[in-house]
Amino acid sequence: MSLNYFKDKNNFIMIEDRINVSPDLLRYYSQTLHLLQEDSSIFTVSAWNEFGISSTSSDPSLLYRTELFIGYVWVLQRSIWDKEIRDKEGPCCNRPTWQGWFLDNLMKGREVVAPDVSRASKRLQDGYYVDKKAIEEYHHDRLESTDCENEPKFALKMVKAAYEDKLKDLITMSLPVDEDDLEGCMESGAIILEKDDESKNVYSVFYEYDSKDRTLLQLCKCFNLYVHKGTTVRNIHNGLIRFTMDMDIYFLIGSKTEYYELKPDNVVAVKVRS
């Protein structure tokens, strides 16, 4: 393994097979690598966004924190690899990356920093292979950064305390998505949002939690957020989901999250009808 040739290096970038990296990948990591040393609650910095299709990602300067490991291109500290992963690749990593890695106890409560716009793309295989249809669906219409001058902003805001403060500020200033639009989403599984101006806005959707995630899954369907059958909803942070559409930020906020207390009194939480 190439790690054996660079024994004095504390970090390494893992690039999986059949991956094309963006021209700004190293610029991206030059702005985010320091987070691994500054915040022990960050497990890795990924260059991939699970929701990174053209309709639900748009801002190359934006970063997230998420609880689910995101692969394809990711940077890791050598100490974590040596102590926690080396010789344990089977139990942690025997599923395809797009189905999710490092589930259960291996994340140990740590999170992943990920970009809104991915810094990589996947070259799909020709011919027939297992899960071909699902893989093609997952990679369809993926958005990738193409400008070598792109770089993430406010990387220091990814440190846990600062990130929580920023999240709460954004939610507090957010505009609730129109109730009529959400009712249409719950009934038909589709939503049409019209943007009134060219400014960047922040929108929120508060929803009632249910044990089978029926409301959340319906919202994901409405907003075209990818959910693979049999796996959890992606890009979750403390029960909150965020994404962008045309440079606007959107939050899906469930009733069991700490952020739900920021719901304005005049806003009705949406839920799937029984």
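Is cysteine 148 buried, exposed or partly exposed, and what relative accessibility places it there? In this predicted model, cysteine 148 has a relative accessibility of 40% and therefore counts as partly exposed, since the partly exposed class lies between the buried limit of under 20% and the exposed limit of over 50%. Cysteine 220, by contrast, is in no disulfide, and the nearest cysteine sulfur, belonging to cysteine 222, lies 9.2 Å away. With a relative accessibility of 1%, cysteine 220 counts as buried.

The torsion about the S-S bond is about 100 degrees, so the disulfide is right-handed. Cysteine 185 is buried, because its relative accessible area is 0%. Cysteine 222 also counts as buried, at 9% relative accessibility.

Attention now turns to strand β9. This strand covers residues 202–207, and six of its six residues are buried, so β9 is largely enclosed by the rest of the structure. In a regular strand, side chains alternate between the two faces of the sheet. In β9, Val202, Ser204 and Phe206 lie on one side, while Tyr203, Val205 and Tyr207 lie on the other; both faces are covered, as these residues are all buried.

Two strands that pair with β9 can be followed in turn. Strand β8 (residues 175–176) runs parallel to β9 and is joined to it by two bridges; here proline 176 stands opposite serine 204. Strand β12 (residues 248–254) also pairs with β9 in the parallel sense, over six bridges.

The largest nonpolar core comprises 62 residues, of which Leu219, Phe223, Ile241, Phe243, Phe251 and Leu252 touch the most other members. Phenylalanine 223 illustrates such packing: apart from neighbours within four places in sequence, it is in contact with Thr56, Ile191, Leu193, Val205, Phe243, Met245, Tyr250 and Leu252. One of these contacts, Val205, is a buried residue of β9. A second, separate core contains twelve residues, including Phe43, Phe69, Trp74 and Ile85.

Methods:
Residues are numbered from 1 along each chain as its sequence is written. This is a predicted model: local features need pLDDT of at least 70, side-chain atom pairs count only at pLDDT 80 or more; totals for chains, interfaces and linings use all residues. Side-chain values use heavy atoms; hydrogens and water are left out. Buried means under 20% relative accessible area, exposed over 50%, partly exposed in between (1.4 Å probe, protein chains only). Helices (H or I, at least four residues) and strands (E, at least two) are DSSP runs, numbered from the N terminus. Two strands pair if DSSP finds at least two bridges between them. A disulfide is a pair of cysteine sulfur atoms within 2.5 Å. A nonpolar core is a set of buried Ala, Val, Leu, Ile, Met, Phe, Trp, Tyr and Cys residues joined through side-chain atoms within 4.5 Å. Contact means heavy atoms within 4.5 Å.
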